[in-house]
Amino acid sequence: MGPVELTDSGTLATLRLVLDLVGVFVFALSGALLAVRRGLDLFGVLVLAWVAGLGGGTLRDLLLGRTPPAGVSDGRLVTAALLAGLLVFGLYGAYRDLARRHPDVRWGRASYAVRVLDAVGLGVFAVNGALLALAVGAGPLTATIVGGVTAIGGGLLRDLLVGQVPEVLRRELYAVPALTGAGLVVLADHLGVLSSAVAVGCAGLVTVVRLVAVGLDLNAPRALRTEGPIRWPRREE
Amino acid sequence: MGPVELTDSGTLATLRLVLDLVGVFVFALSGALLAVRRGLDLFGVLVLAWVAGLGGGTLRDLLLGRTPPAGVSDGRLVTAALLAGLLVFGLYGAYRDLARRHPDVRWGRASYAVRVLDAVGLGVFAVNGALLALAVGAGPLTATIVGGVTAIGGGLLRDLLVGQVPEVLRRELYAVPALTGAGLVVLADHLGVLSSAVAVGCAGLVTVVRLVAVGLDLNAPRALRTEGPIRWPRREE
Amino acid sequence: MGPVELTDSGTLATLRLVLDLVGVFVFALSGALLAVRRGLDLFGVLVLAWVAGLGGGTLRDLLLGRTPPAGVSDGRLVTAALLAGLLVFGLYGAYRDLARRHPDVRWGRASYAVRVLDAVGLGVFAVNGALLALAVGAGPLTATIVGGVTAIGGGLLRDLLVGQVPEVLRRELYAVPALTGAGLVVLADHLGVLSSAVAVGCAGLVTVVRLVAVGLDLNAPRALRTEGPIRWPRREE
């Protein structure tokens, strides 16, 4: 995983690897789907899959001083991201053709799939980032924030690269479940009850909260009621 | 402040903490104000307050190899940024209502407040970044550039996140006073006359120069005279 | 070059410095040209020259844990970037006037010059990043990716700062030659045949492949045929 000697048990280390692989794969799918919908070529798709899948973990490792980050040194994770990119690239044309011949299969399905994947990745990375931070000796505040950055970093960099205001800023509750999940892991560690089951439970909780927020179109409160989608007008001065 | 053992005196270390708290707070106010004006929800406001207030210091710490950066590990600084976000979020609606009922209280005031805060933060962070770099043994070039990056980094990341071309590139003299202030700190250190008073003086100088530049609408020279505001057309080819 | 003790021979170390200076200078030219075409003032031009010329190497050093990065600590490289910025700033007005009086001298020339410079920088930085990564003991995967990031990082940050979708995502083959060049350096090192001549050959190969791709308007395959330039519509949902 990296150059830092970790102090947690073998079970948690294994769990972290599995969570990492799952999170990288689903986030990379979301990056690749965005890329093909923007008409990017094969390597643009692979770049965006890499950024979405491994960007959050790379920020996490830089913040924790773990160099080189897993995103440029762990062959298993890089392979997972590239496989997700190739999969989307290969199947997207077929899917689009199918959708055209059968207009009842709606675009919205792909969009929905991206959101579910995103929610799973959010939970997995929030928990995983916090676990890793604790394993290298970070304090509770650092572990919570690093968990949050791990979870939202890949999607944020993905959106910045295609010139889109990051979803974390403009959409239904996003950062809140991520920080909550990371905070629960830190709390469990503090109480001495952190186990694989607890970690998986926290990841699942984040995913469910996020999916409910998407389904109900929940948002955190705003300072002023705004109508319709946010438009990002030029700043008035 | 972080894991690196600093070598400066206790007085300068205390000054650096105070400067950091002030700079984080005022930059976080600027981020939060931008966020509420864009209609972001509570957590979008807090994220932007964190990025504007702590982004520059986080870049500084990454460049100096100080991990985890203060922005994710120092509870005092994180609290200052979040308090600024909550303050703006809570008071903005009331302010807007007031402004509507009393049209003579103009929008421009809030815009002006942001600029003054920004100028204060610019001076504080430029000096503080240079002081910290010197304290961890960096050379004069590194200390000057790191001071500049500390000062402009938060605003730059803030602007990138909301899809706005960074002010540092398109506005009145911005990077110049920051780099000058950092350079003066380095010079004072080289001459052996660096004290708390000198450091505060440098920060004040940067702030004043920046405010004068804003007031007079001063700009650095351009290669070609352009009319009106920069429009960022598609690159012609 | 930095705080890490390098293990390669003196010849390769000298070569890396020369390659670095050339790459920084040509990439900084590309950043400065973009800046003057956008109407930025002198310091905006210098900032963009610094970002384009030294951004890729700074990302490289952060990924390899080399702090402070050469981009904020190596006076020779910083000087090369600023000189390129001043050169473009000083000559651009004269060039533009000349172009106006002689309309047969077309805009396209400057655009072409930027592309050639970009191709040279791409080859130089891909090879140089891989060489440095190997010199500090990185594995083959890390050295290849770090070489690629070194090559495309500066242009990517440059484009993000002016609100332009990065060329690496939307243009003819870009990441592919960079990663191939870095990979060839890694392969040569593995086979024990890495020498200055081989390194220069790899850099030249990347440049030629890139120029051919630009000339023939080659692109990597796309999942769906799209017509005309990519338009980046709002994501449909």
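# Briefing: helix packing and aromatic pairs

The crossing of helices α1(A) and α6(A) is right-handed. A crossing counts as right-handed if the near helix is turned clockwise from the far one, and as left-handed if the near helix is turned anticlockwise by less than a right angle. The model is predicted: local features need pLDDT of at least 70, side-chain atom pairs count only at pLDDT 80 or more, and totals for chains, interfaces and linings use all residues. Residues are numbered from 1 along each chain as its sequence is written, chains are lettered from A and ligands numbered from 1 in the order in which they are written, and side-chain values use heavy atoms, with hydrogens and water left out.

**Chain A overall**

- Chain A has nine helices and zero strands. Helices (H or I, at least four residues) and strands (E, at least two) are DSSP runs, numbered from the N terminus.
- From the N terminus on, the elements of chain A run α-α-α-α-α-α-α-α-α.
- Of the 237 residues of chain A, 57% count as buried. Buried means under 20% relative accessible area, exposed means over 50%, and partly exposed lies in between (1.4 Å probe, protein chains only).

**Helix packing**

- Two packed helices are described by the angle between their axes and the distance between the axes. Axes are lines fitted to C-alpha atoms, for helices over the stretch in contact, and angles run from 0 to 180 degrees between N-to-C directions.
- α1(A) packs against α6(A), residues 140-161 of chain A, at an angle of about 10°, with the axes 11 Å apart. The two helices are therefore roughly parallel to each other. Angles under 35 degrees count as roughly parallel, over 145 as roughly antiparallel, 65 to 115 as roughly perpendicular, and the rest as oblique.
- α6(A) also packs against α8(A), residues 175-191, at about 140°, with the axes 8 Å apart. α6(A) and α8(A) are therefore oblique to each other. Their crossing is right-handed.
- In chain B, the axes of α2(B), residues 42-63, and α6(B) come within 7 Å and cross at roughly 140°. α2(B) and α6(B) are therefore oblique to each other. The crossing of α2(B) and α6(B) is right-handed.

**Helix α6 in chains B and C**

- α6(B), residues 140-161, has 22 residues that should span 32 Å at 1.5 Å a residue; its end C-alpha atoms are 31 Å apart, which agrees. The expected span of a helix is 1.5 Å times one less than its number of residues.
- α6(B) bends by about 40° at I152(B). The bend at a residue is the angle between axes fitted to the seven residues ending there and the seven starting there.
- α6(B) is mostly covered, with 19 of its 22 residues buried. Just after this helix, G163(B) takes a positive phi of about 75°.
- α6(C), residues 140-161, reaches 31 Å from its first C-alpha to its last, close to the 32 Å expected. α6(C) bends by about 40° at I152(C).
- In α6(C), 19 of the 22 residues are buried, so the helix is largely enclosed by the rest of the structure. G163(C) follows α6(C) and has a positive phi, near 75°.
- A143(C) lies in helix α6 of chain C. At 0% relative accessibility, A143(C) counts as buried. A143(C) and A130(C) are 13 residues apart in sequence and 4.8 Å apart in space, C-alpha to C-alpha.

**Aromatic pairs**

- Rings of Phe, Tyr and Trp (its six-membered ring) pair if their centres lie within 6.5 Å; planes under 30 degrees apart count as stacked, over 60 as edge-to-face, and the rest as tilted. By this rule the count is three aromatic pairs over all chains.
- F27(A) and F125(A) form a tilted pair, 5.2 Å centre to centre, with 40° between the planes. F27(A) lies in α1(A), residues 10-37, and F125(A) in α5(A), residues 108-135, so the pair ties together parts that are 98 residues apart in sequence.
- F27(A) counts as buried at 1% relative accessibility. F125(A) counts as buried at 2%.
- F27(C) and F125(C) form a tilted pair, 5.2 Å centre to centre, with 40° between the planes. F27(C) is in α1(C), residues 10-37, and F125(C) in α5(C), residues 108-135, so this pair ties together parts that are 98 residues apart in sequence. Both F27(C) and F125(C) are buried.

**Cis peptide bonds**

- T67(B) and P68(B) are joined by a cis peptide bond, with omega about -10°. P68(B) lies in the loop between α2 and α3 (70-73) of chain B.
- The peptide bond from T67(C) to P68(C) is cis, with omega near -10°. P68(C) sits in the loop between α2 (42-63) and α3 (70-73) of chain C.
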